[in-house]
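Welcome, and thanks for taking a look. Please have the sequence and the 3D view open side by side as you read.

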Amino acid sequence: MESKILEILYSYRYTKKQVVDEIAKHMKNPNVRQDLIHILDILPSEINTNDMILIIKEMLKYEDTKNALLSDWQILVNDFEDGIDLFDILIKDEKIKEDIKQHPEVFEEIVLYEDLIKNYDLIDTIWEIDKRGKYLKEKLIDRIMSFRNTEFIDILIEKETMRDFIKKNINGILKNCNGNRRVTNIVYLMDKFKGFPELEDIYNKNEFVMDLYHKTVHFIKNDENFDRIEKNIYTEMTSTIFGIIIKEEKQEEIELELKDLSNGKPIEFLSLGGYSLVFQTNEKVFKLGAERAKFLIEKYHPRLMYPILRKKYNENLYIEAYEKGEIDPNITDEELLLVYEELYRTGLIWLDARKANLVRLKKDNVLPEYVRQKDDTKSGFGVNTSKHIVLKKGELVVCDLDYIYSKDDQKLISGDYIDSSDDIVKEFRKKLELEERNALEK
């Protein structure tokens, strides 16, 4: 009997699709079914997955072929290319579904398949069979969080059983969100929580930082100076920063710090930097940033805007706050070079020396007592200083503390850093370096 189907398969007189149609059409015949049962293990090398789905649909109508599927479903799933697609039809039978539940190990690799995410019934099955705790569930969620297409996150939280799991295990889920895509998807996931009563308390815990996130994204979306690519880059940077805040559970600490700064005044988005988001409130400016070029500043200098608040939470998250300066579009080249030279003479090289990074003090730079008493090293300065030089209202100060290096920094000496300063500054630096060399030769 077996040879009859095989003879047709190997005869080349029929296409594989015609063979499949013939088998399905004659499934009522017990001899055909017996033939089919005997060659189940051969079919993965002869027909494709979609054709096998048609055959399985017919096999599920008869006890003998259903029992064969009950015995051999693992072989079929493993041997067919895209065998995961067979699950959708196999779990229609309760006996097979129950047997599948006894073998969670078959899903350890399957949960990584993108097609699985679109299969609601199969996801429910995974939820039911994960008897070892939450291994498969965590793996599935981790996979969903890695996709660029956020529709999979929508699928994730659509099921009540999944929302229940997320609520109970949110801290572990967020901790497992390593990698850029998973981190950026955190804010999307969090934003969806406000639509479900059982997840609303998680959203409320993050509402303050999510509000800052929406203010930033609104600005990026509506700024006509950005092209599509720039908008995507800045939106991803924003998602990364707030994703890290939520993942590292720094939202409450940051909220307290910023509410202290704002003193009840509204917080408004101000601008974007290369590594940070800039906001303003209560005549103060604060930055939230990630992946900073350099956090440590070698030493204090009066031309550097001294921070009211400056914290580095980890390698990928920091916050800074300053008294708000006045942007002056009429800064002269001479003033820019004067500030640059003052830094240079004290051993600091500023590699982003541009007028856009200078502001004028709106009042005498008399630091509050609690700021003056702080240990500078805790604010990211390499050397503590007990002396603070007061610059007067209208004086220029550097408002972006990125890209400020010590002259003896080995990476600076070897040329590893890029100088993004204005051309006039680069030429001026060459002049200062020549003067130094000449002085040493005398």
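The notes below cover a helix, the nonpolar cores, a cavity and a loop.

This is a predicted model, in which local features need pLDDT of at least 70, side-chain atom pairs count only at pLDDT 80 or more, and totals for chains, interfaces and linings use all residues. Residues are numbered from 1 along each chain as its sequence is written, and side-chain values use heavy atoms, with hydrogens and water left out.

**Helix α18**

- Helices (H or I, at least four residues) and strands (E, at least two) are DSSP runs numbered from the N terminus.
- Helix α18 takes in residues 251-262, and its end C-alpha atoms lie 16 Å apart, which agrees with the 16 Å that its 12 residues should span at 1.5 Å a residue; the expected span is 1.5 Å times one less than the number of residues.
- Gln 251, Ile 254, Glu 255, Glu 257, Leu 258, Leu 261 and Ser 262 of α18 are buried. They sit on the same side of α18 because they cover an arc of only 165° around the axis, taken from the directions from the helix axis to the C-beta atoms.
- Buried means under 20% relative accessible area, exposed over 50%, and partly exposed in between (1.4 Å probe, protein chains only).
- Leu 256 and Asp 260 are exposed, on the face of α18 turned away from its buried side.

**Nonpolar cores**

- A nonpolar core is a set of buried Ala, Val, Leu, Ile, Met, Phe, Trp, Tyr and Cys residues joined through side-chain atoms within 4.5 Å.
- The largest one has 59 residues, of which Ile 166, Phe 193, Phe 242, Leu 258, Phe 279 and Leu 288 touch the most other members. Helix α16 (residues 207-222) gives the most to this core, with seven residues.
- A second, separate core has 37 residues, including Leu 40 and Tyr 62.

**Cavity**

- One cavity of 30 Å³ or more is present, where a cavity is a set of points on a 1 Å grid over the protein atoms alone at which a 1.4 Å probe fits but cannot get out, and lining residues have an atom within 4 Å of a point.
- The lining of the largest cavity consists of Glu 138, Ile 141, Asp 142, Ile 173, Asn 176 and Cys 177.
- Helix α11 (residues 135-146) gives the most to that lining, with three residues.

**Loop between β2 and β3**

- Asn 282 lies in the loop between β2 (276-281) and β3 (284-289), and its phi is positive, near 50°.
- Glu 283 is found in the loop between β2 and β3, with a positive phi near 60°.
- Asn 282 counts as partly exposed because its relative accessibility is 23%, and Glu 283 is partly exposed at 47%.

Key: 1 Å grid on protein atoms, 1.4 Å probe; cavity = no way out; pocket = protein on both sides within 12 Å on 5 of 7 lines; lining within 4 Å. Points joined across faces, edges and corners; volume = space filled by probe spheres on them.
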